[in-house]
Amino acid sequence: MTKEEMVKKKLWRCNVCNDIHYGIRGPVICPTCGARNAFALIDYPEAMKVIIDRGDRLDEVDKLLDLWEKFTHDKPFKLNPDEDFVRQLAKGELANEANHGLKYCPCRITTGDFEDDLDLICPCNFFIQPVYKESGECWCGLFVKR
Amino acid sequence: MNVGVDSSLKGDSMAEDNRLIFFWGRECPHCAKLHPVVNEVSQELGGSITELEVWHSEENATLMRSYKDVLLEACGGSLGVPSLYNEKTKKALCGKNITKQEIVEWAQE
């Protein structure tokens, strides 16, 4: 996705179940309630009021490991089998979240441009990057081809 | 070359614009693995490699970003650590597979 396309992203609300979606357009079918063509454009203050702050905090190493395991389910890549290494990366991401606001890959470094740096949040879009295609691993080695 | 995290945040006293720089991140496992190799080469070359930690020093991160034209290519499209930048030759090495031989050649070029 180009930076220009990122700027076009808007907030959308399902008028049946209040799901919030951030994208160029709302989903045709709501992934939560299944309603069809139910997403209407809303603004940021409204979205913030609709979202109830009770989601699970992914702020512990074990929670990240669990999330990553689920993320790889049925995919052509898996979590690196070296658990000590994976735990080190998880600690690094949590440190980056504490110090820099988001779970940036500890083997990258932010550019200072917020929109560009969204590409560095783990899991990143590694499966479309040349490094993964050439080496079979994401940049940091957290995810490896099966 | 100093391995300690706090002292290495600021780098050493070599003249700026003509340094061999090792950019690393405190929480990056590959940087931890490469650290002793860089130390070894640095010692063999008389302590000539400057270590700069980039996730906990905005000053060091800003310097690293200033070399992005070269580093982006070496790092596969986004800035990454561990990476090494030679201010004299403007050549860089980047990533988890850097070898001692590559560092020696990069430093002596």
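Accessible areas here come from the Shrake-Rupley method with a 1.4 Å probe, and for residues only the protein chains shown count as cover. On that basis, chain B exposes about 5,200 Å², with carbon and sulfur atoms supplying 48% of it. Please keep in mind that this is a predicted model, in which local features need pLDDT of at least 70 and side-chain atom pairs count only at pLDDT 80 or more, while totals for chains, interfaces and linings use all residues. Residues are numbered from 1 along each chain as its sequence is written, chains are lettered from A and ligands numbered from 1 in the order in which they are written, and side-chain values use heavy atoms, leaving out hydrogens and water.

**Chain B overall**

- Chain B holds 5 helices and 4 strands; these are DSSP runs numbered from the N terminus, with at least four residues (H or I) for a helix and at least two (E) for a strand.
- Along the sequence, the pattern of chain B reads α-β-α-β-α-α-β-β-α.
- Of the 109 residues in chain B, 50% are buried, meaning under 20% relative accessible area with a 1.4 Å probe and protein chains only.
- Among contacts (heavy atoms within 4.5 Å) in chain B with a separation of 6 or more, 59% come from residues 24 or more positions apart.

**Asn60 in chain B**

- Asn60(B) sits in helix H3 (residues 58–66) of chain B, and its relative accessibility of 5% is why it counts as buried.
- A polar atom of the Asn60(B) side chain lies 2.9 Å from the backbone oxygen of Glu53(B).
- Gly46(B) is 14 residues from Asn60(B) along the chain, and their C-alpha atoms are separated by 23 Å.

**A sheet in chain A**

- Three strands of chain A make an open, antiparallel sheet in the order E2-E1-E3; strands pair if DSSP finds at least two bridges between them.
- Strand E2 (20–23) and strand E3 (39–42) of chain A are the edges, each pairing on one side only.
- Strand E1 (residues 10–14) of chain A is joined to E3(A) by 4 bridges, and Trp12(A) stands opposite Leu41(A) in E3(A).

**Aromatic rings**

- Over all chains there are 11 aromatic pairs, counted for rings of Phe, Tyr and Trp (its six-membered ring) with centres within 6.5 Å; planes under 30 degrees apart are stacked, over 60 edge-to-face and the rest tilted.
- One of them joins Phe77(A) and Phe143(A) edge-to-face, at 5.7 Å centre to centre and 70 degrees between the planes.
- This pair links distant parts of the chain, 66 residues apart: Phe77(A) in strand E4 (residues 77–79) and Phe143(A) in strand E5 (residues 143–145) of chain A.
- Phe77(A) is buried at 2% relative accessible area, and Phe143(A) is buried at 1%.

Note on methods
A polar contact is a pair of N or O atoms within 3.5 Å; within protein, one must be able to donate a hydrogen and the other to accept it, and residues adjacent in sequence count only if both atoms are side-chain atoms.
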